[in-house]
Structures are given as C-alpha cells and as structure tokens.
Amino acid sequence: MNTYKSTRHAKFLINYHFIWIPKYRKDFLKDPEVKKTVEDTIKELSKAYKFDILALEIMPDHIHLFISALPRYSPSQLINVIKGATGRKIGQKFPQYKQKGSVWTRAYFVATAGNVSSETIKKYIEAQWKKVEEDG
C-alpha cells in the first residue's frame with residue numbers, strides 16, 4: 001500500500017483521498033446496481049490510468065476513493081476523468097438520476113497522503129544542511 005513505485009525517470013509515492021457528491025446530495029448511491037456501476041467503472045479506469053485503488057467506499061450520498069497514482073496525472077485530471085466516466089455510465093443506465101445535465105456536483109475534496117507526515121519531511125529537509133556541515 002505505501003510502497004514506492006517507479007517509472008523510467010521517477011521514484012514516487014503519491015496517494016490521493018477524493019470525496020465527491022451527487023447533485024443536490026441525492027442518495028441514489030444506495031441502489032446496488034448504481035453502486036456496482038460506479039465500482040466497475042472506477043476499476044476499469046484504474047487499469048487505463050494505471051492507478052491502484054487503495055480503498056473505495058460508496059456511501060448513500062457521497063463517495064470516498066483512496067488511490068495511489070502516477071506523477072503524470074494531477075489530482076484535478078484524475079477526478080475529472082473519474083467523475084466524468086462514472087457520471088456518463090450512471091446517466092446512460094439510470095437517466096432518472098441525472099440532475100440538470102449531470103450526476104455529480106462540480107465540487108470535490110482531495111488530500112494527499114504518504115507514509116510519512118509533513119512534519120517528518122520538513123525535519124528531514126532542515127537536517128540536510130546539518131549533515132553537509134558535519135561531513136564537510
């Protein structure tokens with residue numbers, strides 16, 4: 001889960017926690033068929049965009065998605081792809097849930113997470129000059 005990944009030019013660990021909601025906070029996500037459609041679509045996207053699904057929780061009126069992603073995609077690119085694809089599938093299969101042209105609100109929450117805290121990274125960076133001076 002919190003292991004570093006590599007591409008030809010980078011070593012990285014980028015985890016995003018996304019939360020988003022349906023328009024007007026409708027609770028149609030409790031419908032098992034809608035829930036399965038969302039899960040299946042996100043799994044397909046994970047293969048196409050090469051992100052790992054670390055956790056996915058579909059609540060009646062919002063979704064939590066925790067992924068480990070490649071550095072080539074920004075959080076806004078990822079959430080736009082995910083919300084766009086899941087919204088299209090829901091709109092096609094369940095048109096009754098489409099509200100004023102779309103399924104989701106434009107808003108979302110995103111936070112990053114790794115295996116060390118921001119404070120640990122700050123201390124590590126600050127300690128670099130001390131290490132240089134000691135070696136120096």
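Predicted model: local features only at pLDDT ≥ 70, side-chain atom pairs only at ≥ 80, totals over all residues.
**Entry 1: Phe28 and Tyr97**

I recorded where the two partners sit: Phe28 belongs to the loop between β3 and α1 (32–48), while Tyr97 belongs to the loop between α2 (75–93) and β6, so that the pair links distant parts of the chain, 69 residues apart. I also noted one aromatic cluster, formed by Trp20, Phe28, Phe94, Tyr97 and Trp104.

**Entry 2: Tyr16 and Phe18**

Are Tyr16 and Phe18 buried or exposed? Tyr16 has a relative accessible area of 7% and counts as buried because the cut-off for that term is under 20%. Phe18 is likewise buried, with a relative accessible area of 0%.

**Entry 3: the pairing of β3**

Which strands pair with β3? I found that strand β3 (residues 15–20) pairs with strand β5 (residues 63–68) in the antiparallel sense, over 6 bridges. With strand β6 (residues 109–113), β3 pairs over 5 bridges, again in the antiparallel sense. I followed His17 to both sides: its bridge partner in β5 is Phe66, and its bridge partner in β6 is Ala111. I also wrote down that Asn15 stands opposite Ala113 in β6.

**Entry 4: the sheet and its helices**

I traced the order of the sheet and read it as β4-β5-β3-β6, an open arrangement of 4 strands with antiparallel pairing. The strands at the edges are β4 (52–58) and β6, each of which pairs on one side only. I looked up the angle between neighbouring strands of this sheet as well, and they are turned by 15° against each other on average, with direction ignored.

Where do the helices α1 and α2 lie? I noted that α2 packs on the sheet, where it touches β3, β5 and β6, and that its direction makes about 45° with that of β3. Helix α1 lies across β3, β4 and β5, and I recorded that it runs at about 165° to β4.

Conventions. Residues numbered from 1 in each chain as written. Heavy atoms only, no water. Pairing = 2+ DSSP bridges. Helix = DSSP H or I, 4+ residues; strand = E, 2+ residues; numbered from the N terminus. Buried < 20%, exposed > 50% of the residue type's maximum accessible area, 1.4 Å probe, protein only. Phe/Tyr/Trp six-rings, centres within 6.5 Å; stacked < 30°, edge-to-face > 60°. Axes fitted to C-alpha atoms, helices over the stretch in contact; angles between N-to-C directions. Contact = heavy atoms within 4.5 Å.
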